[in-house]
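Here is a quick walk through a few local features of this model. Keep the structure open beside you as you read.

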Amino acid sequence: MPGIAREQVAELLATSAEFAAASALRKLPGTDLSVAVDGLGPLRFPVADEQAVQLRELGRRAQFGRGEQTLTDPEVRDTWEIPKELVRVQWTEAFTTVLDGMRAELGLPPHCRLMPELHSMLLYETGQFFVPHQDSEKDDAMVATLVVSLPSAHTGGELVVEHQGQTKKYRGLKTAVSLVAFYSDCRHQVLPVKKGNRVTLTYNLLLAGDSQAAAAKNPLVSELAAGLLTHFATPVVLPYGSRRGEPPTRLAYLLDHEYTARGLSWSRLKGSDAARGALLRAAAERAGCEITLALAEIQETWDAYDPDEDEDAWYGHHEDEDPDDYENPGSADDKQYVLQDLIETSTTLAHWIGPETGRLEDISLDLSDAEVASTTPTADMTPYSSEYEGYMGNYGNTLDRWYRRAALVIWPQGQGFASRAEASPGWALDELAATARAGKIGEAREAARSLESFWHAAGRYPGQTELVGKALEAARELDDAQVAVMLLRPFALERLVPPHGPAFAALAAHYGDTWTDGLLRHWTEGWRPGSYGLAQAPLEWFEDLPWLCAALSAEGNASTAAARRIVELSWTMFAGQVAPALDGPLTSRREAWLTALGAPCSGIIAAAAGLGSTGVLENAHKLARTAGDRTHALAMATLRAAGMRRAGFDELALSCADRIRALLAQPRRAPGDWSIELPTGCSCELCETLGTFLREPGRRALDWPLAKDRRRHVHTRIDEAELPVHHETRRQGRPHTLVLTKTEALFERERLARERHQADLAWLTDEWKVST
Ligand SMILES: O=C(O)CCC(=O)C(=O)O
Ligand SMILES: [Fe+2]
């Protein structure tokens, strides 16, 4: 089989299915249908204006669904619905024949039947319409919608059905009944009626029988099976150079129709998917593979540009910019962008029909490009969301698009455990523990080792707390230091919570201090001091540290030692994250942040005190003794968070009190002293002039003619430091004049700060008994 096996498989499947349409049209003479409405009698075809008026009198404004809601909005759906209880419909045998023809045209095998279930009777008067939408599947077995237009003289009101970017327009007829069936994943709309009235019956089409045709005898099956074997035997060519990786462990073949989680089932595959599913299933069996159905989330990132965008707009600044300009109303695809290259695709399986349970399960499995094939490229489908981002520095302009596609997922039988473990790590850990408990410990270790190549991703799955619990259990049962650390390594320190105490303690006691230390270090690896924005220290988790440490130290010596290590690592993380932000003046934004840090900081200190970790306590006190308004704010917030007097905080309280006394001892600002200190940070000539003006005690105002960019620099400095200085641009002359005025807030703030210090000191004296 030449070429890339997975592409060959997709090509074989492309030719396999006989043409399957997404929608189908039929006509019947009006004599094949009679419709009677209570209170009005039988309808006469073509429906005349006077009967339409009578129908409207019986009707109510039709509603539509959005998510869980049912809404009425004539901007979205403007049509009258005649209550179904009043409507009696009778068809001749011809209807059955039509439905069977549609079944075949929609690509469903002969042993299936489409069962019509009347859903509604609708009247569209002149001007009425229904905007593009998808019908919800009101029944598990529903696969399609049937729209029957009754004979009536009208123009406009076409039913437009869309699938994979192709649209078809269906017009109603004056003298005959027109019937249009389309799969439920097709977007469709009813254009405004231009003249006359349009009357329709809508039906849900339920599928009876299995849409999977018997495929085993199809000659394509053996070719497909050979394709699968080649796929699973051929090492992947890695990008950059000629290195080869391992052969792929699975193949996900993306289907063409959309399926809801509820509608996903072998027997209800739609159109060409039905035949392809049957073939691939037979091929998988022949090739000794397992196969299941899944739902995938796909993200494509395109290099793209907006043809309307003025390139220059990205340079220079717009002083009076409206922040709303940056927001992207609605989906980016409302607009036409020019796509250039596909930069990146990511495919994640989010649900599948559990091979063991037969039920839909939530999973999270990232696929590599070498594991994905499709007959229809994803870019030909309609994304459910998209986002355009202008030039950001790293990339040019990009357009991200998100899609949901169903997939057939195949893997060689022997790799069942690893394949399922990757999709569902919690299941795998349970299996490992159970196998070991049943005495098959060698087998369990072997199975655990088969996870190694992808297990690092286990730390990114949802439900981490539960997974860690399961991993702790399995690691103990496997009784092998190396395998145990391999299973546990992907997780993070902050996933450890008090209920894990006994299991963690059992491990620490079993494998020893060195092993435990190594594991804890792995668990903080994601975090590096000073790594802004990458990994943040787990602040909320620090707050609860005393409980975790108590749970651990209740379990014996080994876990008490582990708790100490945890507290040390926590302090390192906390101090490392906080330290760079402790310098400089205390702005309100900084103050809010430092106040929020009080609780995590007090959590660590209380835990350290409980364990007698003097090293951590000393480091905390050292930090608190560092002079600076910010450090003081953090120390006070820590004491406030500690609440009542607790061991470990006395020194902190003492140094806070000392600092407050020193601050209060400083002379008050003299009335009429308007000097302000400009914080360091920039030494350009503008800031020098600004600094000189600010420092002058007798000077309150400055008129400063400055060009736009220079004005911006000066007022940005003032705003960032929250200086008590008002700035305004007088838009006269060239350049405009920046007018700076020192405000009364200078005095007010200092007065408030003093009051606050006095209150803090009183509180420290009261609650913490610092001697005065
Ligand atoms: O009236 C029609 O042609 C179709 C109406 C429709 O799309 C619906 O009821 O969901
Ligand atoms: Fe619809």
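Helices (H or I, at least four residues) and strands (E, at least two) are DSSP runs here, numbered from the N terminus. This is a predicted model, so some limits apply: local features need pLDDT of at least 70, side-chain atom pairs count only at pLDDT 80 or more, and totals for chains, interfaces and linings use all residues. Residues are numbered from 1 along each chain as its sequence is written, while chains are lettered from A and ligands numbered from 1 in the order in which they are written.

**Around the ligand**

Let's start with ligand 1. A residue is near a molecule if its C-beta atom, placed from the backbone, lies within 6 Å of it. By that rule, the shell of ligand 1 holds L122, F130, D135, V147, L159, H188, V190, T200 and T202. Two strands, β17 (187-190) and β19 (198-208), each put at least two residues into this shell. By type, the shell has five nonpolar residues (Ala, Val, Leu, Ile, Met, Phe, Trp, Tyr, Cys and Pro count), three polar and one charged (Asp, Glu, Lys and Arg), with the others, Gly among them, taken as polar.

**Helix α3**

Next up is α3 (residues 94-105), with twelve residues. After α3 comes G107, with a positive phi near 85 degrees.

| Bond | Omega | Loop holding the proline |
|---|---|---|
| F45 and P46 | about -15 degrees | between β3 (41-42) and α2 (49-58) |
| R734 and P735 | about -10 degrees | between β28 (725-730) and β29 (737-742) |

D479, not a glycine, has a positive phi near 50 degrees. D479 sits in the loop between α9 (464-478) and α10 (481-488), and counts as partly exposed because it has 14 C-beta neighbours inside 10 Å. E722 isn't a glycine either, yet its phi is positive at about 50 degrees. The loop between α21 (708-720) and β28 holds E722, which is partly exposed with 16 C-beta neighbours inside 10 Å.

Notes
The expected span of a helix is 1.5 Å times one less than its number of residues. A residue is buried if 20 or more other C-beta atoms lie within 10 Å of its own, exposed if 12 or fewer, and partly exposed in between; C-beta atoms are placed from the backbone.
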